[in-house]
Amino acid sequence: MSAVPTNLKRTILFDAHHLAGAKLVDFGGWEMPVNYGSQIEEHVATRTNCGVFDVSHMAAVDVIGKDAKAFLEKVVANNVNKLKNNGQALYGCLLNDEAGVIDDLIVYRLDPNYRLVINAATAHTDLEWLNKQATGFQDVRLIPRRSDLTANQNPQGMIAVQGPKALELIKKAIPSLANAASELKNFHASCEETPFGEIMIARTGYTGEDGAELLVPLNHTVTVWNLLIAQGAQPAGLGARDTLRLEAGMNLYGQDMNDQTNPLDVGLSWTIDRSGDRNFIGKSALERKPQKFIFLGLILQDKGVLRAHQIVKSSKGEGEITSGTFSPSLQKSIALAKLPLATEIGETVKVVIRDKELNAVVVKPPFVRHGKALV
């Protein structure tokens with residue numbers, strides 16, 4: 001186990017990670033497993049079978065009260081009115097007054113309330129900001145479910161079960177979730193009674209594979225984790241989670257965007273609904289801040305590894321890589337990058353790596369989905 005600062009937070013599954021021999025690192029103030037021996041094996045297991053990830057450092061927050069929907073219409077740039085039915089989910093962003101991305105999140109409609117799942121490192125600041133905005137509404141309450149943010153409010157752990165065998169494995173490990181696992185549509189969630197209390201199962205993954213996230217009562221999270229592993233799930237850490245999400249063309253907060261980033265520049269225009277007269281926070285700033293970059297993928301043609309902040313040169317101007325890695329699925333180095341607006345898919349650009357200009361081809365993400373190369 002590698003040395004990490006002693007003041008880090010730990011999830012309920014920390015002892016399980018330690019016993020499994022995980023290499024632990026500081027991730028946004030949390031002591032989390034980066035791998036359990038082989039990041040590549042964990043990546044491949046998720047693409048071909050089933051990987052299980054501790055995501056209990058992320059924060060579920062319930063939004064309750066008669067003004068909950070009006071509140072979310074104001075603070076989420078996507079339109080929660082798209083959630084027509086109980087259990088539907090929506091991906092969106094919280095924007096500041098200058099349209100910078102405070103965080104990206106998922107909103108679930110769980111009648112009569114809503115639930116948000118926000119990022120680990122931003123949870124405290126997100127909650128402060130959300131509570132500040134809530135003062136403008138008569139009846140809105142925010143109830144966090146992460147153990148360090150709540151007092152006697154049913155804290156929960158969170159486990160992501162991902163891969164082509166994930167749903168089958170969930171059914172075997174927790175038979176009371178079998179019907180929901182069989183019937184649940186993509187980007188939907190359901191709260192089910194189980195021997196371990198109420199578990200929310202949600203098909204809103206971050207790997208480009210099938211699967212589900214499970215929000216489990218905190219005192220049963222370790223048991224559920226062990227049941228999943230007993231059925232054949234491969235524990236997987238942050239390293240595999242990052243290569244999987246990058247192959248799937250999914251943004252990472254703090255890497256691909258932050259509170260200084262225009263969401264239009266990082267491929268998030270599809271998450272912003274400016275139709276109608278809904279006046280969400282950041283809307284007016286977006287109208288005076290035009291898009292400057294197009295967000296596309298790169299595949300390196302020469303020997304090397306693409307990394308964040310490397311400069312991309314083309315005949316259309318310069319851009320910058322936001323996330324880069326070596327893709328275990330493609331056996332090539334890949335990246336997401338902000339590129340000049342006129343950049344075209346298929347063209348060759350130069351990436352500056354250690355004072356050398358190496359060739360890369362521009363592609364449209366995702367690179368890999370459901371175990372298949374798409375580029």
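Predicted model: local features only at pLDDT ≥ 70, side-chain atom pairs only at ≥ 80, totals over all residues.

Colleague: What makes β15 and β16 a pair of strands?

Modeller: Pairing requires at least two bridges, and four bridges join β15 (residues 311-314) to β16. They therefore count as paired, and they run antiparallel. A hairpin of two residues links β15 to β16.

Colleague: How do you know that β16 and β17 pair as well?

Modeller: The same cut-off of at least two bridges applies, and here there are seven, with the strands antiparallel. So β16 and β17 pair. Ser327 stands opposite Lys332 in β17. Four residues lie between the strands of this hairpin, and Gln331 in the turn has a positive phi of about 60°.

Colleague: What joins β14 to β17?

Modeller: Seven bridges do, between residues 293-300 of β14 and residues 332-340 of β17, in antiparallel fashion. One example is Gly297, whose bridge partner in β17 is Leu336.

Colleague: Which strands make up the closed barrel?

Modeller: Six strands, in the order β14-β17-β16-β15-β18-β19, with antiparallel pairing. From one strand to the next the twist averages 40°. Helix α8 (residues 238-247) packs on the sheet, where it touches β16 (317-327) and β17. The direction of α8 makes about 130° with that of β16.

Colleague: Which residues have the most contacts inside the largest nonpolar core?

Modeller: Leu95, Tyr108, Met158, Met200, Met257, Leu286 and Phe367, in a core of 43 residues. Apart from this core lies another, of 30 residues, including Leu24, Ala173, Ala180 and Ala181. In soluble globular proteins, nonpolar side chains tend to be buried together.

Colleague: What does Met200 touch?

Modeller: Setting aside residues up to four places away in sequence, Met200 touches Tyr108, Leu110, Arg115, Ala189, Ser190, Cys191, Glu213, Leu214 and Leu215. A touch here means heavy atoms within 4.5 Å.

Terms used
Residues numbered from 1 in each chain as written. Heavy atoms only, no water. Core = buried A, V, L, I, M, F, W, Y, C linked by side-chain atoms within 4.5 Å. Buried < 20%, exposed > 50% of the residue type's maximum accessible area, 1.4 Å probe, protein only. Axes fitted to C-alpha atoms, helices over the stretch in contact; angles between N-to-C directions.
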